[in-house]
Amino acid sequence: MYKLFFMTALLFSGLAATAQNLKPVNYADGSQKLSGLVTSNAGKKLPGVLILPAWMGIDDEAKHAATELEKQGYIAFVADIYGVGNAPTDNAGASKLSSQYKQDYKTYQKRIAAAVEQLKKEGATKVAVIGYCFGGSGALEAARGELPVVGIVSIHGGLSKAADRKNGPISAKMLIENPADDGSVKPEDMANLITEMNEGKADWQIITYAHSKHTFTNPTSPDYNEVMAKRAWQHTLMFLKEIL
């Protein structure tokens with residue numbers, strides 16, 4: 001038990017330390033104030049990666065991804081979806097708030113578009129989107145909304161959309177990283193997404209990770225699968241290298 005506590009403490013401190021190289025950025029979507037984080041190479045003319053965090057808002061996994069992407073030569077920007085003063089304090093609040101954005105997908109797309117615009121102001125020459133969980137759903141919305149991005153990576157995101165939403169064209173290249181044992185993704189969700197991507201003439205691929213539950217990439221989650229998480233990250237980097 002002590003060893004587990006010690007290793008967890010080290011992990012949290014290591015992830016928290018990565019945030020030291022990130023700078024806060026104040027921007028807005030209409031009257032809603034937003035506060036994201038950008039890597040220290042902002043201001044240079046470089047390809048950019050927009051990171052959409054999971055349902056609790058900006059977290060250590062998103063921050064760590066940003067700092068790792070900076071090492072790869074990208075400007076990384078962690079988006080604020082909920083807005084200043086609106087971050088949930090527990091899972092129940094996160095579930096309620098994220099569900100509102102999933103249902104009101106146009107507002108979600110608009111909030112993502114504001115972050116894309118801000119990332120371009122930070123120097124990004126072109127933009128890709130990656131997202132975790134709720135953010136993975138957002139990455140799909142960026143593609144569905146035909147936002148000005150070259151590609152998206154949905155990492156253990158929700159794959160479904162309302163049945164009354166029509167399929168449309170999809171220009172962004174798509175990588176779906178799906179854990180095989182994600183109880184929140186139904187077989188019909190996957191089938192419908194494949195149909196949607198095909199009807200949209202999208203350039204897409206799906207990678208399924210064995211023995212992995214929903215939040216398999218998050219080191220602080222009980223679902224964490226280190227082997228598969230590392231593979232997923234390498235697949236993400238390979239995809240970004242191709243499109244950016």
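I began with a cluster: ring pairs link Tyr82, Tyr101, Tyr108 and Phe134. I kept in mind that the model is predicted.

Next I searched the whole structure for aromatic pairs and got seven. One of them joins tyrosine 101 and tyrosine 108, with 5.9 Å centre to centre and 70 degrees between the planes. I noted this pair as edge-to-face, because planes over 60 degrees apart count that way.

The cut-off I needed for both is under 20%.

Then I followed tyrosine 101 to its pair with phenylalanine 134. Here I read 6.4 Å centre to centre and 65 degrees between the planes, again edge-to-face. Where in the chain do the partners sit? Tyrosine 101 belongs to helix α3 (residues 91–103) and phenylalanine 134 to helix α5 (residues 134–144). They are 33 residues apart, and I wrote the pair down as a link between distant parts of the chain. Phenylalanine 134 counts as buried, because its relative accessibility is 2%.

Last, I looked for a charge over a ring. I found arginine 165 over the face of tyrosine 105, at 3.4 Å from the ring centre.

How values were computed:
Residues numbered from 1 in each chain as written. Predicted model: local features only at pLDDT ≥ 70, side-chain atom pairs only at ≥ 80, totals over all residues. Heavy atoms only, no water. Phe/Tyr/Trp six-rings, centres within 6.5 Å; stacked < 30°, edge-to-face > 60°. Helix = DSSP H or I, 4+ residues; strand = E, 2+ residues; numbered from the N terminus. Buried < 20%, exposed > 50% of the residue type's maximum accessible area, 1.4 Å probe, protein only. Lys NZ or Arg CZ within 6 Å of the ring centre and 35° of its normal.
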